[in-house]
Amino acid sequence: MSSETIPQVAPEVLAVHEQMKRRQRIRRGLTYVLASLICLWITVPIFFIFSMAFTTQETVRSYPKGFLPFIPFSTETMTFFLNSDGIFEGVINSITVAVITLVLSTIIAAPAGYAISRYIFPGRNFFRLSILAVRAFPIVVLSIPMAVMFIQLGFFDSVYSLSLMHTALTLPTTVLVIASVFASIPYELEEAAQVFGCTPFQAFRTVVLPLVMPGIAASAIFTFVMSWNEVFAASILTIQNRTLPAQVLFALGNSSEAYQFAGGFFLLIPSLIFMFFIRKYLFNMWGQVSK
Amino acid sequence: MQTKRNWVPYLLILPTFIYLILFFAYPMVRGLNLAFFDDEANLALHAEASSDAAIADLIPQSASIEILGRQGNLVAEEVLDENNLLTEIWFTIEAPDVDGNTVTGWASESRIRVREEAEDGTPIMGTVRRRLGSNADPLTSVYAEPNENSDVIGQLEARTEVQIVELATLEVWFLLKGENNGTPVEGWAPSRYIQIFDDEITGRVDRGNSGEFTTKFVEKMVNDRFFWPAMRYTAILLLLIIPTQFVLAIVMALVIQAQLRFNSFILYIFAIPLGVSDLAVGILWFAIFTQNGLLNSFLQTVGFIESPSSWLTADSRNWILVAIWLAEVWRATSIVMVIVVSGLQAISSEVLEAAEVFGANMWQRLRYIILPLLRPSLQVALILRTILAFQVFAVVIALSGGDVVTVLANETYRQYFDLRNSNVAAAYALLILVISMFTAVIYLRAIRTQEEASAT
């Protein structure tokens with residue numbers, strides 16, 4: 001915008017306008033500085049752990065390390081970590097648990113999410129509220145009785161019992177997220193399809209499903225990340241079949257820094273990848289959830 | 001929205017509902033049970049040596065007892081491998097008695113020497129053992145039932161050949177005498193609950209089989225040497241983390257709302273910590289604060305310090321707290337930011353523009369317009385964050401080893417995992433639950449009073 005777009009204005013007004021624009025520019029500049037500072041606050045630790053995970057073990061032990069970009073690159077630390085006892089099995093277990101959890105919780109939650117967003121029925125509010133209450137519950141509170149229960153059932157220390165536990169933790173979030181995804185698709189679309197001769201199921205499959213798929217995929221990815229990250233229940237419920245975080249936590253006290261740093265970065269990877277894909281859905285997901 | 005009343009929505013929510021009952025409501029009840037109910041508090045003493053007999057008395061776990069008598073009793077197969085279980089084997093035998101009549105009845109394995117076995121090892125024939133000792137009864141009794149207190153149906157001479165028809169494994173039951181709160185009690189109990197001392201006539205109740213309400217697990221928790229430190233550090237961390245987090249989250253949300261040029265990229269960076277586990281964050285900040293970590297390297301290169309200082313040792317508790325604080329702020333601010341951004345998106349830009357036209361500066365707009373309108377979102381975020389703050393666990397272990405600075409969740413883990421005491425662990429878990437619910441209620445109360453105050 002230049003001053004030509006607002007003709008026949010007194011010079012004083014123009015001056016005020018200019019001043020406002022200048023102030024706005026300064027503020028914008030400051031916001032950029034602020035944004036960069038916060039980005040640094042988040043990325044510098046990640047970059048440091050990355051450089052520690054991909055360097056020689058000697059560098060990890062050395063001191064002082066100097067400034068960041070000059071740390072020599074090598075896959076030695078990461079290779080050492082990945083070849084340590086129980087890590088490969090841990091990765092496999094973690095992925096198995098996370099996949100079962102995401103499949104189970106999506107399958108169970110999707111119908112409930114659809115019901116909440118599409119129907120008004122007696123008990124709907126109670127259901128919503130109890131889901132919210134469950135979501136706010138600490139994992140710690142549930143893990144101990146669950147562990148005791150699984151031991152009594154002889155169903156302990158298996159990726160399947162851990163998946164059941166993780167599903168209980170992720171289910172409420174998934175229900176609310178999927179409900180918000182369905183709520184963003186107008187019901188009129190479904191109705192229109194039915195007017196044009198679709199059965200309710202056909203209308204759902206051909207009209208609604210393609211529209212909600214990206215949102216549901218985002219929620220599934222988030223479920224995966226939640227399960228991958230979960231440490232407390234995993235270390236309580238598994239002994240032999242530890243997931244990766246449980247294995248790293250268990251080895252934490254008596255392992256080298258090279259192992260710890262490489263492990264720390266390895267645990268971070270899914271977040272670095274998946275957050276890129278689901279960042280746009282975050283507000284949909286959590287915005288709705290918090291209401 | 002469909003308002004027609006039908007059963008479809010109920011059918012759709014049914015799986016979720018069932019799942020939550022199974023894996024949420026039931027464990028909650030079980031948790032209460034674990035924390036307040038001692039399953040093994042008392043041992044039931046039966047009037048007769050049979051689990052069907054009436055329960056005469058209860059005797060508390062670990063009471064000392066005196067053994068008055070013993071008797072075998074048929075035992076279920078699933079308890080056979082339990083600790084302390086004493087068994088004896090009895091045979092159904094068929095043999096001529098002293099009078100020459102053939103009797104069929106029960107005799108203890110200890111009285112019969114097996115002479116012949118079937119291919120699978122089942123004894124089929126044997127002879128009656130001789131009783132040793134000068135004044136011992138030379139005859140061996142055959143009983144109507146597999147125990148020595150039942151009717152004698154015949155007497156066998158030593159060395160009589162007997163056919164072994166059948167064999168039964170019996171659990172030994174003891175008739176025992178002890179005290180319950182000063183009152184003497186007496187009755188029969190199975191051997192698997194009892195530990196017998198070497199003299200074979202005294203022992204103690206190893207575990208009970210009849211539960212009772214107890215506060216001993218809660219007492220044990222409160223008297224644990226880590227309990228009060230855990231409470232204190234949990235509270236300190238809560239007070240440090242939450243305000244910082246909210247200020248930072250609001251700043252981050254305003255940056256996102258400013259729609260800078262690389263907004264999408266900035267959002268990606270801001271969102272990364274949302275998906276990072278607390279263990280990874282603990283290790284991340286451990287890498288910074290450890291002796292030869294980033295912080296010391298940086299300070300030394302710049303010239304602030306001469307030699308590496310140690311931040312994470314027992315002598316520098318406060319620095320451990322600072323490290324945990326920074327780690328938690330780093331990790332969990334993103335979720336608050338996301339909630340605040342969705343709150344901000346709901347504020348119409350016209351309101352803000354109007355304020356700007358009337359000359360409100362940035363701070364005034366924040367203080368008088370944005371924050372009040374954000375209040376519902378902030379409430380949700382506050383409650384969520386407070387409850388989640390009680391779960392801080394792996395960060396603490398990674399940064400302090402779990403001993404120097406400890407929190408409630410960490411104590412739950414220690415009780416369960418290291419000390420194998422699931423009852424005390426359940427008590428800790430319940431405490432966390434109660435505290436988080438209590439805090440949530442206090443917040444809601446405070447918010448409501450505020451609203452009432454502003455309404456009048």
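Two residues are in contact if their C-beta atoms, placed from the backbone, lie within 7 Å. The model shown is predicted: local features need pLDDT of at least 70 and side-chain atom pairs count only at pLDDT 80 or more, while totals for chains, interfaces and linings use all residues. Residues are numbered from 1 along each chain as its sequence is written, and chains are lettered from A and ligands numbered from 1 in the order in which they are written.

**View 1. The contact between chain A and chain B.** Chain A gives 77 residues to this contact and chain B gives 85 residues. On the side of chain A that touches chain B, 59 residues are nonpolar, 12 polar and 6 charged. In this division Ala, Val, Leu, Ile, Met, Phe, Trp, Tyr, Cys and Pro count as nonpolar, Asp, Glu, Lys and Arg as charged, and the others, Gly among them, as polar.

**View 2. The fold of chain A.** Chain A has 13 helices and 0 strands; helices (H or I, at least four residues) and strands (E, at least two) are DSSP runs, numbered from the N terminus. The radius of gyration of chain A is 26 Å, well over the 19 Å that the globule rule gives for 291 residues, so chain A is more spread out than a compact globule. That radius is taken over C-alpha atoms, and the globule rule is 2.2 Å times the number of residues to the power 0.38. The C-alpha trace of chain A spans about 80 × 65 × 35 Å along its principal axes. Of its 291 residues, 46% count as buried, a residue being buried if 20 or more other C-beta atoms lie within 10 Å of its own, exposed if 12 or fewer, and partly exposed in between, with C-beta atoms placed from the backbone. For contacts in chain A between residues at least 6 apart in sequence, 72% join residues at least 24 apart.

**View 3. The two domains of chain A.** Domain 1 of chain A covers 3–78 and domain 2 covers 85–289, with bounds from an automatic or database domain assignment. Their centres, taken over C-alpha atoms, are separated by 33 Å. In the contact between them, 9 residues of domain 1 of chain A meet 7 residues of domain 2 of chain A. Helix H1 (11–53), helix H2 (57–61) and helix H3 (76–82) of chain A each give two or more residues to the domain 1 side. H1(A) supplies the largest share of that side, 5 residues. The domain 1 side divides into 7 nonpolar, 2 polar and no charged residues.

**View 4. Confidence along chain A.** The mean pLDDT (the predictor's confidence in each residue, from 0 to 100) of chain A is 85, and 93% of the residues score at least 70. Among the elements of chain A, helix H4 (residues 87–118) has the highest mean pLDDT (92) and helix H13 (residues 282–289) the lowest (63).

**View 5. Chain B and its domains.** Chain B contains 12 helices and 14 strands. Its radius of gyration is 36 Å, well over the 23 Å that the globule rule gives for 456 residues, so chain B is more spread out than a compact globule. Chain B is divided into domain 1 (8–39), domain 2 (63–207) and domain 3 (220–455). The C-alpha centres of domain 1 and domain 2 of chain B lie 46 Å apart.

**View 6. Helix H8 of chain B.** Of the 9 residues of helix H8 (residues 349–357) of chain B, 0 are buried, so H8(B) lies largely in the open. Gly359(B), which follows H8(B), has a positive phi, near 90°.
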